[in-house]
Amino acid sequence: MFDDDTIVALATPTGSSAISVIRISGKKSISTVETIFSSVHSGKKLENQSTHTIHLGYIVDNHIDDDRSNNRSNYLDQVLVSIFRSPFSYTGENMIEISCHGSYYIQQQILQLLIRKGIRLARPGEFTFRAFLNKKMDLSQAEAIADLILSDNQASHELSLQQIKGTLTSTIKNLRKKLLDFYSLLELELDFSEENMIFAKRSDLFSFLKDLEETLKDLIESFSLGNSIKKGIYVVIIGEPNVGKSTLFNYVIQENRSIISHIEGTTRDSIEGELILNGIHFHFVDTAGIRDTKDTIEIMGVRKTMEKIQEAQVLLYLFDASKNDRKKQKKMLKKIQIIHEKNPLKKILVIANKSDLSSFKDFYNLKSKFSYFFEISAKNHHGIKRILYTLSNLFIEKLKEKNIIVTQNRHYEALKQSLKEVLLAHDALSKRLPEDLVSIHIKEALHHLGKITGEITNEEVLKNIFSQFCIGK
Ligand SMILES: Nc1nc2c(ncn2[C@@H]2O[C@H](COP(=O)(O)OP(=O)(O)OP(=O)(O)O)[C@@H](O)[C@H]2O)c(=O)[nH]1
Ligand SMILES: [Mg+2]
């Protein structure tokens, strides 16, 4: 993984486009491009140009002159060449970007020409890897760049940008530094154990560990939010048969994907559809109505509904307002409470449908029990906007509340391991165990925190991270 070859790759997608960008990084970038570039200002040398300048000229393949006697021109394309000199470039090395015309033929010809001149094709993520090696960014920022390229909605785009800015890194670095200070003091105490010296004030260490615990817990919690936003939020519509789940589903995703009929048990499978609300990606799931039934297929459908409830972040619990009386309400309340107890972290929105049919609107029992209660008519499209507005707000508000959101599995695992050690250190401290038993856990906690920013890495982790990039990044 570690060499200082000069590397090249296409930074834009292959195929036709208005322009394409070919990136070159390494010691020989400028001198090699010089050999295939002819400026429009004759005699102008790239080697003499300063960093962050752009030059118009032609890519010239002298090879064509040598072995062809036909009339083909040796000018491949008119291009713009941008120069970035070390250390003021993305990778920290000398870099060139050639903006050429976006034809597949031109892209390949220029790449091959550069390879013939001794430049090697870059491996996936190699440009960013070099940026990491040259301390242009830390690991969590490099990972965020991979996410940024893949992000397909506004919310996940913002999450990656936030990480590139390095907020997670600076928080972890600060915590780690403080923890390291305590660790050094404890180690010092061990060195002077004969003299019984105390360097690390126990009350300070105690309160710092408590703060650290809170911060780590907060970061760990933010992972489930970050992860949902990155992957999309599962909203599962449930309820008894015939209450209008499929009607609501079809309207929300603006497509007639589910069959609607007055027959109970129409939907027997779970059906999914997508919607982007205020930049957040939602997966809506229509399900088979929950009831006791002898129909084998329907039983399978109900089982699937139960599985979908497990995957959900939000449940829309629909009921038929026109068939609603106190007795039914009581039964329903119990059902929802059971679902809630089993899934305490899931938001449940309770929805009274078919309000167009019902003049009986006594929902007092339900309204007071749930923070999210809606009356709608799925068929007439009344009241649905409010549900969607609430849904997107639920997550946007949460996003705003959190300063930092953890989105990477790797960071999540490291934070969890670090928290475990902090709790153990805390425990050892409160039991007044010898300092070496405290310091051993602090050392472990430091180790796990260091894995996030890349202060502690191993080659396997690096390989894994950078292999997720596409070539050219
Ligand atoms: N009047 C009225 N009828 C509705 C409304 N929403 C749905 N319906 C009707 O209720 C019946 C059942 O609707 P579906 O959407 O198929 O109900 P479901 O909950 O998906 O039913 P299953 O798939 O059997 O569980 C259909 O005849 C719909 O036209 C509404 O808001 N008002
Ligand atoms: Mg249905």
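**Figure 1. Overall dimensions of the protein chain.** A compact globule of 473 residues would have a radius of gyration near 23 Å, whereas the protein chain in this predicted model has 30 Å. Along the principal axes, the C-alpha atoms fill a box of roughly 90 × 85 × 35 Å. As you trace the protein chain, its secondary structure comes to 16 helices and 13 strands.

**Figure 2. Packing of helix α8 on helix α14.** Here we look at α8, residues 202-231, together with α14, residues 409-430. Their axes lie 9 Å apart and meet at an angle of about 155 degrees. Because angles over 145 degrees count as roughly antiparallel, α8 is roughly antiparallel to α14. The crossing of α8 past α14 is left-handed.

**Figure 3. Residues in the contact of α8 with α14.** From α8, the contributors include Arg202, Leu205, Phe206, Leu209, Glu213, Lys217 and Phe223. Among their counterparts in α14 are Tyr412, Leu415, Lys416, Ser418, Val422, His426 and Leu429. Sorted by class, the residues of this contact comprise 15 nonpolar, two polar and four charged.

**Figure 4. The surroundings of ligand 1.** For this view, 22 residues surround ligand 1. Helix α9, residues 245-253, gives the most to the shell, with three residues. By class, the shell around ligand 1 holds 12 polar residues, along with five nonpolar and five charged ones.

Notes: Residues are numbered from 1 along each chain as its sequence is written. Chains are lettered from A and ligands numbered from 1 in the order in which they are written. This is a predicted model: local features need pLDDT of at least 70, side-chain atom pairs count only at pLDDT 80 or more; totals for chains, interfaces and linings use all residues. Axes are lines fitted to C-alpha atoms, for helices over the stretch in contact, and angles run from 0 to 180 degrees between N-to-C directions. Helices (H or I, at least four residues) and strands (E, at least two) are DSSP runs, numbered from the N terminus. Angles under 35 degrees count as roughly parallel, over 145 as roughly antiparallel, 65 to 115 as roughly perpendicular and the rest as oblique. A crossing is left-handed if the near helix is turned anticlockwise from the far one by less than a right angle, and right-handed if clockwise. Two residues are in contact if their C-beta atoms, placed from the backbone, lie within 7 Å. Ala, Val, Leu, Ile, Met, Phe, Trp, Tyr, Cys and Pro count as nonpolar, Asp, Glu, Lys and Arg as charged, and the others, Gly among them, as polar. A residue is near a molecule or strand if its C-beta atom, placed from the backbone, lies within 6 Å of it. The radius of gyration is taken over C-alpha atoms; the globule rule is 2.2 Å times the number of residues to the power 0.38.
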